[in-house]
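Hi everyone, thanks for coming. Please bring the structure up on your screens, and we'll walk through it together.

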Amino acid sequence: MARALQLAQRGLYSARPNPRVGCVVVNEGRIVGEGFHARTGQAHAEINALQQAGSAAAGATAYVSMEPCCHHGRTPPCVQALIDAGIERVVAAMPDPNPCVAGQGLIALQAAGILTDCGVMASEARRLNRGFHSRMRRGRPWVRVKSAMSLDGRTAMASGESRWISGDAARRDVQYLRARSCAILSGGGTLRADNPRLNLRLGTEDFADDSTGHGCHRDPPPAPPLRVVLSSNLNIDPQARVFTLPGRCLVIGPDATLEIEGKLRAMQRNNVELITVPSNDNGLDLEAVMRELARREINEVQVEAGPTLAGALLRGNLVDELIVYMAPMLMGDAARGLAHLPDIKRMRDRLPLVINDTRIIGDDLRLTLTPAANA
């Protein structure tokens, strides 16, 4: 199963919106076939492993990092292929959280006389596909907030100036986080202050280096993530860089701004889509935003925004992970903080976080954290 998960990792940047899945076929203690799912619409891991195994699949055991599918989606069901190949036993790391499967794949295999086991290295398998699992089970993507801050917890000067807090190595590291994400999300305030591109600035050669710690390989490079901009009033420049680059871009505004859609036609000519969601007293309904992204098959969202949006997501319990690059510098009392959390006034109100990983990236310290409520 460890080898199946290693193979699944090879789809880290390319399998979306499908889960990352690997498969190993073993006959009499010998690996006779291996495969992983590379891209949506292409063969699943089981099919690739069975093709490599050929006739040696008969009587063999298939180790799969997720329960084989039993429905006809973009490709035929893998369950039937395993049955037709004469597989004797199937070991799955975890059930498929897709309601179209959800245990039915294992039941179908059992009905065909195939022995099944499920739960081997389940936590590792779920971690690899936590975005897919979140979308299927919670109806929203896995949300990762990325920030760079000084040692005194500041993310920008009072003027909004923030380039650059983190160093070159940290900014390159962020590109790998972008590459595994289905969408990069920011707010209108960040667009006005920084005019970011929110695009992927890595070439194919960057995914051939296994020393990065990001699961790089020479397999399919990632497609550009969807760029998403939230704006409570659509006070954004249609000529901002995020709207002029290749790839898809989505602008999400409030219902009340439908009448000004005409002024954004220039953006729409650049493959930009404008949609609206309900608002509340705090601005856009962020839960509705996440449900809309899930409807568009977005598994993982990387948020790169200022303290207002970061704070709103934290207050709404919509943050699953924080990646903070801490730079060895001090920016002073007047600079802006990491997240706007006006309701925290006493120690008992504080928001506890769990540190999952610490790593030196160039001159900066990268912290990977989870809100304690979601840990």
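I'll talk about the sheet, then the helices beside it, then the cores. Keep in mind that what you see is a predicted model.

Let's begin with the sheet. Five strands make up an open sheet, and their order is β2-β1-β3-β4-β5, with mixed pairing. Which strands sit at the edges? They are β2, residues 30-36, and β5, residues 115-118, and each of them pairs on one side only. From one strand to the next, the twist averages 15°.

Now look at β3 and β4. Strand β3 covers residues 61-64 and strand β4 covers residues 89-92; they pair in the parallel sense, over four bridges.

Next, the helices. Helix α2, residues 45-53, lies across β1 (22-27), β2 and β3, and runs at about 140° to β2. Helix α4, residues 104-111, also packs on the sheet. Helix α4 touches β4 and β5, and its direction makes about 155° with that of β5.

And now the cores. How many residues are in the largest nonpolar core? There are 43, and those touching the most other members are Cys23, Val25, Ala62, Leu82, Ile87, Val90 and Leu109. Let's pick Ile87: leaving out residues up to four places away in sequence, Ile87 touches Val25, Leu50, Ala57, Ala60, Ala62, Leu82 and Ile114. There is also a second, separate core of 33 residues, including Ile298, Val301, Leu322 and Met326.

Definitions and conventions. Residues numbered from 1 in each chain as written. Predicted model: local features only at pLDDT ≥ 70, side-chain atom pairs only at ≥ 80, totals over all residues. Heavy atoms only, no water. Core = buried A, V, L, I, M, F, W, Y, C linked by side-chain atoms within 4.5 Å. Buried < 20%, exposed > 50% of the residue type's maximum accessible area, 1.4 Å probe, protein only. Contact = heavy atoms within 4.5 Å. Pairing = 2+ DSSP bridges. Helix = DSSP H or I, 4+ residues; strand = E, 2+ residues; numbered from the N terminus. Axes fitted to C-alpha atoms, helices over the stretch in contact; angles between N-to-C directions.
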